[in-house]
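I opened my notebook to look up a few things in one structure. Here is what I wrote down, entry by entry.

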Amino acid sequence: TRSTRPQRMLKAVQKNATKGNPKSVISAIDYFCKHSEWAMNVGDEKGSILDSVVTEVNPSTVLELGTYCGYSTVRIARLLSPGTKLITLEFNPANAAVAKQIIAYAGLQDKVILVEGSSGDLIPQMKERFGITTFDFIFLDHWKDRYLPDIKLFEECGLLRKGSVLLADNVICPGTPEYLEYVRKSPRYESKYFPAHLEYTKVEDGLEKSVFLG
Ligand SMILES: Cc1cc(C(=O)N2CCN(C)CC2)sc1-c1cc(O)c2nc[nH]c(=O)c2c1
Ligand SMILES: [Mg+2]
């Protein structure tokens, strides 16, 4: 049967990237999405903003909501200090299977814990399953209608500390208006918008960085 877009993306990585070289995996995916098939990776423009925030925070505990094919997982994991791991949650088993292979091709499998399931189910399990007290950095890139319920879940589960940084993709396109209103109005967050474009297009989009104030 016909292959899927994630499977074709994996093939492009295996053909064009160098094993163990995260930068070449990132470039191969961006090339595939620019010249072959658009796909919903955070992309190179927003990816550079992601890189700068991760570098600034230098987190010891990291959570990514929405692995998809592992592009942003590779972007984040390649910047983490030795011994630091990131937990990434993916709802779709077929996407998780491709992501696992792309992360391994980049040589970053020892820095990543990929968990299949829904964020609503898994967030309350973070402390018991992974020994997390609080997260230093969270990247929200899963489903626009889950951003607001999940940030409330982080608060309820005591997973945020003074200074925890949340970075949210797609706050303009597809758009997360209720989440934006919440973090921008709440006195418990200091929020900043980073304008950019929807990956591989000229459509307006951006990232919202929100620091939890405790
Ligand atoms: C699926 C999709 C289609 C979009 C769009 O406007 N399109 C018009 C322009 N053409 C070219 C592409 C398609 S934007 C988008 C999207 C983008 C992300 O970064 C996402 N991240 C996480 N979870 C998502 O569901 C998610 C969806
Ligand atoms: Mg996205």
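**Entry 1: a term to start with.** I call a pair of N or O atoms within 3.5 Å a polar contact; within protein, one must be able to donate a hydrogen and the other to accept it, and residues adjacent in sequence count only if both atoms are side-chain atoms. I then looked at S164, whose side chain reaches the backbone oxygen of F135 at 2.7 Å.

**Entry 2: ground rules.** This model is predicted, so I kept in mind that local features need pLDDT of at least 70 and side-chain atom pairs count only at pLDDT 80 or more, while totals for chains, interfaces and linings use all residues. Residues are numbered from 1 along each chain as its sequence is written, chains are lettered from A and ligands numbered from 1 in the order in which they are written, and side-chain values use heavy atoms, with hydrogens and water left out.

**Entry 3: more on S164.** I found S164 in the loop between α8 and β5, a strand of residues 165–168. My helices (H or I, at least four residues) and strands (E, at least two) are DSSP runs, numbered from the N terminus. Is S164 buried or exposed? S164 counts as buried because its relative accessibility is 1%. For this I used these cut-offs: buried is under 20% relative accessible area, exposed is over 50%, and partly exposed is in between, with a 1.4 Å probe and protein chains only.

**Entry 4: another polar contact.** I saw that the side chains of D51 and R75 are joined by a polar contact of 2.7 Å. D51 lies in helix α3, residues 43–57. With a relative accessible area of 11%, D51 is buried.

**Entry 5: aromatic rings.** A pair of aromatic rings is described by the distance of the centres and the angle of the planes. Rings of Phe, Tyr and Trp (its six-membered ring) pair if their centres lie within 6.5 Å; planes under 30 degrees apart count as stacked, over 60 as edge-to-face and the rest as tilted. How many aromatic pairs does a search of the whole structure find? The search gives three. In one of them, Y147 and Y179 sit edge-to-face, 5.5 Å centre to centre and with 90 degrees between the planes. This pair links distant parts of the chain: Y147 is in helix α8 (residues 147–156), Y179 is in helix α10 (residues 177–185), and they are 32 residues apart. Y147 is buried, at 1% relative accessibility, and Y179 is buried with a relative accessible area of 1%. I also noted one aromatic cluster, formed by Y182, Y189 and F212.

**Entry 6: the ligand.** Where does ligand 1 sit? I found ligand 1 in the largest pocket. On a 1 Å grid over the protein atoms alone, a pocket is an open set of points where a 1.4 Å probe fits, with protein on both sides within 12 Å along at least five of seven lines. A molecule sits in a pocket if more than half of its atoms lie within 2 Å of its grid points. The residues surrounding ligand 1 include W38, M40, H142, W143 and L198; a residue is near a molecule if one of its heavy atoms lies within 4 Å of it. I then checked oxygen atoms of ligand 1 against polar side-chain atoms: D169 has one at 3.3 Å, N170 has one at 2.7 Å, and E199 has an N or O atom at 2.5 Å. Taken alone, ligand 1 exposes 590 Å², and the protein buries 65% of that; these areas come from the Shrake-Rupley method with a 1.4 Å probe.

Entry 7: Most residues other than glycine have a negative phi, and most peptide bonds are trans. N170 is not a glycine, yet its phi is positive, about 65 degrees. I placed N170 in the loop between β5 and α9, and N170 is buried at 11% relative accessible area. Y68, also not a glycine, has a positive phi of about 55 degrees. Y68 is in the loop between β1 (62–65) and α4 (71–77), and Y68 is buried at 13%. What kind of peptide bond joins C173 and P174? The bond is cis, with omega about 5 degrees. P174 belongs to helix α9, residues 171–175.

**Entry 8: two distances.** K152, in helix α8, is partly exposed, with a relative accessible area of 35%. From C-alpha to C-alpha, K152 and Q109 are 30 Å apart in space, and they are 43 residues apart in sequence. V112 and T84 are 28 residues apart in sequence and 8.9 Å apart in space, again C-alpha to C-alpha.

Methods
On a 1 Å grid over the protein atoms alone, a cavity is a set of points where a 1.4 Å probe fits but cannot get out, and a pocket is an open set with protein on both sides within 12 Å along at least five of seven lines; lining residues have an atom within 4 Å of a point.
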